[in-house]
There are 2 protein chains.
Amino acid sequence: MAPPSLIVDVHTHVYPSSYIALLRSRKTVPYVYDPPSGADPRLIILATDDDPSRPQELRGRPLDAAYSSWDAKRSFMKLHGINVSVVSLANPWLDFLEDPEEAAGWARRVNDDLEEVCRESNARNHGEGVCKLYAFAALPLKASSEAVEAEIGRCKGLNYIKGIIMGTTGLGKGLDDPALEPIWNALQKNKMTVFLHPHYGLPDEAFGGKEIVAQSGHVLPLALGFPLETTIAVARMFLAGVFDRYGSLEMLLAHSGGTLPFLAGRIQSCVDHEREFKQNGGHKQGPVKGIWDVLKTNIYLDAVIYGDIGLKAAIGASKSTDRVLFGTDHPFFPPLHSADEKWPSVTTNYAAINAGVGDGSEEAKDILGRNALKILDIDL
Amino acid sequence: MAPPSLIVDVHTHVYPSSYIALLRSRKTVPYVYDPPSGADPRLIILATDDDPSRPQELRGRPLDAAYSSWDAKRSFMKLHGINVSVVSLANPWLDFLEDPEEAAGWARRVNDDLEEVCRESNARNHGEGVCKLYAFAALPLKASSEAVEAEIGRCKGLNYIKGIIMGTTGLGKGLDDPALEPIWNALQKNKMTVFLHPHYGLPDEAFGGKEIVAQSGHVLPLALGFPLETTIAVARMFLAGVFDRYGSLEMLLAHSGGTLPFLAGRIQSCVDHEREFKQNGGHKQGPVKGIWDVLKTNIYLDAVIYGDIGLKAAIGASKSTDRVLFGTDHPFFPPLHSADEKWPSVTTNYAAINAGVGDGSEEAKDILGRNALKILDIDL
């Protein structure tokens, strides 16, 4: 029997109370600042947010309920007809914890927090319609490889953890770092999907310097820096042969793969023309499996792309509608004008799916929910 | 009467003899190095090519006939059934000439060289089939604004110059530099299409550092750095309101716009959510015209994207097949194996067009040639 046709959001973030406690304990990015004036606390997660020329109580963004409240998450879901959310810790996860023991401890605490919130929420009746929560866990990457593997195994045993969220830096050297191979192996072995998400963007120089970036508000870092960061991270994994060695590693890429669906042809063409792979060093032979095959076998794409042009490219690159999954990026990109309106960032993505594959079509139902239930092994 | 159905290549480079003479006169990037051993000269155009750990006669790439020979260009055209080439000076054009007089002088010399070669070549019979050359001119950007405007006007009066090729740095501060406004104005007034082309890529740090870049051969800088550079340049122009002020400025973007067709939705969403535009500084109100409108009114895209997924996104972003133009990127990406085979980099783009809009369809004929004849005002 086909799974029910529900709407599942695979790209929706939260800073659970355990994580807020961690950020409150810090004075450097990422941190939460509580103004002595009693004004709303500030969430300062990007290096660019912590601008010393601005008063501290204006840096970053207000830490309003949308970031940490589960009631706010459920209200958002109901407002947009979302039945299931697979929440993930928002960036920058636990990347900044350098102490192995501390990282391992916080990972257990945060992941247990997520599991418990989902368990408790799913046991309750939230009124009309299905309203269920699942989660991607965070890994203590700077802990020992054994500790990370242990946390992967532990999370696999939890009921509501359905994968892992990860940034693009790994242990600080990117995702082609050979030191990550035991992690890929453990993730593959445990069939834990990796939700790959950007956070670091590109250096200001890539955009022409700090001043140009600031003039854009957050447009250049968010609209371009984020997707380019994801593309570079996956391209490096591809070039280093990670997908050759871990043929059944499954990754869900944020923001429809950054730019991967559009650039895959150019990437493959450049690889095919690369004399260096045959001559002197580098990654020697280059990747064996082609990038189009990687897109069909290792990669899933979310549908957070804000237009049917991009969505169709994501579907095309995946060679089917079975590998593209609806998401919202909640609680980021809230409405500018009124608190209770539907979020344009979300309705734009609904509209893109309807325009891309047809309102109410089987393909739309797959993208909106059925794919996620199947791929993330969610049994309601 | 509809223009004839010919194949026109709008993305095809050359280093004409005048430009080779300029590069031979230099000892720093970009330059041509003639090994005292009598081995083939080397063309060293990228900073990363001038690696001091390698012998000078192995740096960059061999300056073979494909880069500067017009016979080689015509042979390439015949091999691939191309009837018309709109050649452009290959990167880095004249960007590196800091002296205003020197820049203006070289621009005149190079553009006259291109005009003369086209005139002479088009007057001759090259055997079976149409084989005609036109060119994009290069601008002496570091010359005075008046001198640049004068060169634009002068080129407009030449018979075979059909537009301008430009890199992404302008006067060194990017294409949103207010100092470029007289140039945009002059280009708009003279109806000279700007062929925007990358050269500088992204800083090595964007890819994880020099060593990671080197391991990829040229894949990371060429497959990702180039298209991201183009996307950033156009996004900055868009955010700064250049397309609002110069509503009929026409730009042809290399490599199908970098990543613009795929990211346009995300760019517009970020702009729409940007509080900074309404609050404190930056570009104040942000752009007026939306990015999708810019794509339909100011921008043309070449079809150098190596796959039908990307091509369809380019067509979709343009809202029609009328704004996408065939190109090859010759003489870059030659075949690895044999000198006389058809170039896979070209046949991949032919295949993408056939798969994307149908082999022999009216849309394919538009993309393959008719659009270019119309847009660049080429009357054979």
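This note goes through charged and aromatic side-chain contacts in a predicted model.

1. **Salt bridges overall.** Side chains of opposite charge can pair when their charged atoms come close. Over all chains, the count of salt bridges comes to 30.

2. **Glu98(A) and Lys142(A).** These two form a salt bridge, and their closest N and O atoms are 3.1 Å apart. Lys142(A) has 18%, so it is buried. The cut-off for buried is under 20%.

3. **Arg119(A) and Glu116(A).** Here the salt bridge has its closest N and O atoms 2.8 Å apart. Both residues lie in helix H4 of chain A. They are three residues apart, about one turn of the helix. Arg119(A) is partly exposed, with a relative accessible area of 39%. Glu116(A) is also partly exposed, at 39% relative accessibility.

4. **Glu181(A) and Arg245(A).** This salt bridge brings its closest N and O atoms to 2.9 Å. It too links distant parts of the chain, 64 residues apart. Glu181(A) belongs to helix H6 (residues 181–189). Arg245(A) belongs to helix H9 (residues 242–245). Glu181(A) is buried, with a relative accessible area of 14%. Arg245(A) counts as partly exposed, because its relative accessibility is 44%.

5. **A charged network.** Which residues are joined into one network by salt bridges that share partners? They are Glu362(A), Lys365(A), Asp366(A) and Arg370(A).

6. **Aromatic pairs overall.** The count of aromatic pairs over all chains comes to 16. Two pairs from chain B follow.

7. **Tyr15(B) and Tyr19(B).** The ring centres are 5.6 Å apart. The planes of Tyr15(B) and Tyr19(B) stand at 20°, so the pair is stacked. The limit for stacked is under 30 degrees. Both residues are buried: Tyr15(B) has a relative accessible area of 1%, and Tyr19(B) has 0%.

8. **Tyr67(B) and Phe332(B).** Why is this pair edge-to-face? The planes of the two rings are at 70°, and edge-to-face calls for over 60. The ring centres are 5.8 Å apart. The pair links distant parts of the chain, 265 residues apart. Tyr67(B) lies in helix H2 (residues 65–68) of chain B. Phe332(B) lies in the loop between strand E11 (324–325) and helix H14 (344–357). Tyr67(B) is buried at 6% relative accessibility. Phe332(B) is buried as well, with a relative accessible area of 9%.

9. **An aromatic cluster in chain A.** Tyr15(A), Tyr19(A), Tyr67(A) and Phe332(A) form one aromatic cluster.

10. **Lysine over tryptophan.** In chain A, Lys319(A) lies over the face of Trp292(A), and the distance to the ring centre is 5.3 Å. In chain B, Lys319(B) lies over the face of Trp292(B), at 5.3 Å from the ring centre.

Terms used: Residues numbered from 1 in each chain as written. Chains lettered and ligands numbered in written order. Predicted model: local features only at pLDDT ≥ 70, side-chain atom pairs only at ≥ 80, totals over all residues. Heavy atoms only, no water. Salt bridge = Lys/Arg side-chain N within 4 Å of Asp/Glu carboxyl O. Buried < 20%, exposed > 50% of the residue type's maximum accessible area, 1.4 Å probe, protein only. Helix = DSSP H or I, 4+ residues; strand = E, 2+ residues; numbered from the N terminus. Phe/Tyr/Trp six-rings, centres within 6.5 Å; stacked < 30°, edge-to-face > 60°. Lys NZ or Arg CZ within 6 Å of the ring centre and 35° of its normal.
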